[in-house]
Amino acid sequence: MPTAFKLFTGSAWTMLSRPFMEYLLWGWDNLPRIVLMYYANFLSTPEGYFHTVICNAEEFRNTTVNHDLHFISWDNPPKQHPHVLTLKDYKSMVDSNASFARKFRRNELVLDKIDSELLGRKIDGFVPGSWFDGGDANSTISEYILRNITSLRPGPGAQRMKSLISSLLSDKDFSSKHCI
């Protein structure tokens, strides 16, 4: 066990800020490289590397939010793999305001429901957005005209994400959940 830093673990899915990424790359105090060498032979490095560095770097320690924006249904107590999500889980998924979900079987009906009701996508079509002009979002590629592929218009999903993040940041115990 290392003595120069404390080990932390968490989800392999993380969102990292630009200043933290620059710290990882430039590592002005050498911590990112030392931790990287420690994790070099681990089976799942993403479940520990970023967490360990951020929680041992004084300037980033209190910048963490302990949530990976995923809806995952586990047994209680959790087993090795989560439940497979189905139509029965749809309302809970949407109500969670999570941006992502797992685990799905191939061709699961709930995926079609997510496509049509949340993303406005028809079967074998594209997700509508301001990146195309003219034609139908659900037509073939040759029938639409690209407009501005960098244009982004927040939709209902952005509002759900805003609600989730607001609730995480306003939690009465938020300040005590950093790097515990």
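What does the accessible surface of the protein come to, and what percentage of it belongs to carbon and sulfur atoms? After that, please look closely at helix α1 and the loop between α1 and α2.

Reply: The accessible surface of the protein comes to about 12,700 Å², and 56% of it belongs to carbon and sulfur atoms. Accessible areas are computed by the Shrake-Rupley method with a 1.4 Å probe, and for residues only the protein chains shown count as cover. The model is predicted, so local features need pLDDT of at least 70 and side-chain atom pairs count only at pLDDT 80 or more, while totals for chains, interfaces and linings use all residues. Residues are numbered from 1 along each chain as its sequence is written, and side-chain values use heavy atoms, with hydrogens and water left out.

The protein has 180 residues, of which 27% count as buried; buried means under 20% relative accessible area, exposed over 50%, and partly exposed in between, with a 1.4 Å probe and protein chains only. Its secondary structure consists of six helices and four strands, where helices (H or I, at least four residues) and strands (E, at least two) are DSSP runs numbered from the N terminus. Along the sequence these elements follow the pattern α-α-α-β-α-β-α-β-β-α. Among contacts with a separation of 6 or more, 48% join residues 24 or more positions apart; a contact means heavy atoms within 4.5 Å.

Now to the part you asked about. Helix α1 covers residues 18–26. The axis of α1 comes within 12 Å of the axis of helix α3 (residues 49–56), and the two cross at roughly 95°. Axes are lines fitted to C-alpha atoms, for helices over the stretch in contact, and the angles run from 0 to 180 degrees between N-to-C directions. The two helices are therefore roughly perpendicular to each other, on a scale where under 35 degrees is roughly parallel, over 145 roughly antiparallel, 65 to 115 roughly perpendicular and the rest oblique. On the α1 side the contact is made by Phe 20, Tyr 23 and Leu 24, and on the α3 side by Tyr 49, Phe 50, Val 53 and Ile 54.

Trp 26 belongs to α1, and it counts as exposed because its relative accessibility is 64%. Together with Leu 25 and Trp 28, Trp 26 makes a nonpolar surface patch of about 460 Å². Patches are made of residues with over 30% relative accessible area and no salt bridge, with like charges joined within 9 Å and nonpolar side chains (Val, Leu, Ile, Met, Phe, Trp, Tyr) within 5 Å.

Gly 27 lies in the loop between α1 and α2 (31–39). With 2% relative accessibility, Gly 27 counts as buried, whereas Trp 26 is exposed. Leaving aside residues up to four places away in sequence, Gly 27 touches Glu 22, Pro 32 and Arg 33.

Asn 30 sits in the loop between α1 and α2 as well. Its phi is near 75°, a positive value in a residue other than glycine. Asn 30 is partly exposed, because its relative accessibility is 35%. Leu 69, in the loop between α3 and β1 (70–72), is not a glycine either and has a positive phi of about 65°. At 6% relative accessible area, Leu 69 is buried.

A few features elsewhere complete the setting. Arg 102 and Lys 103 are joined by a cis peptide bond with omega of about 25°, and Lys 103 lies in the loop between β2 (100–102) and α5 (109–118).

Side chains of opposite charge can pair when their charged atoms come close. The structure holds five salt bridges, a salt bridge being a side-chain nitrogen of Lys or Arg within 4 Å of a carboxyl oxygen of Asp or Glu. One of them pairs Arg 61 with Glu 58, with the closest N and O atoms 2.7 Å apart; Arg 61 is partly exposed at 26% and Glu 58 exposed at 61%. Another pairs Lys 91 with Asp 95, again with closest N and O atoms 2.7 Å apart. Both residues lie in helix α4 (residues 90–95), four residues apart, or about one turn of the helix. Lys 91 is exposed at 57%, and Asp 95 is partly exposed at 48%.
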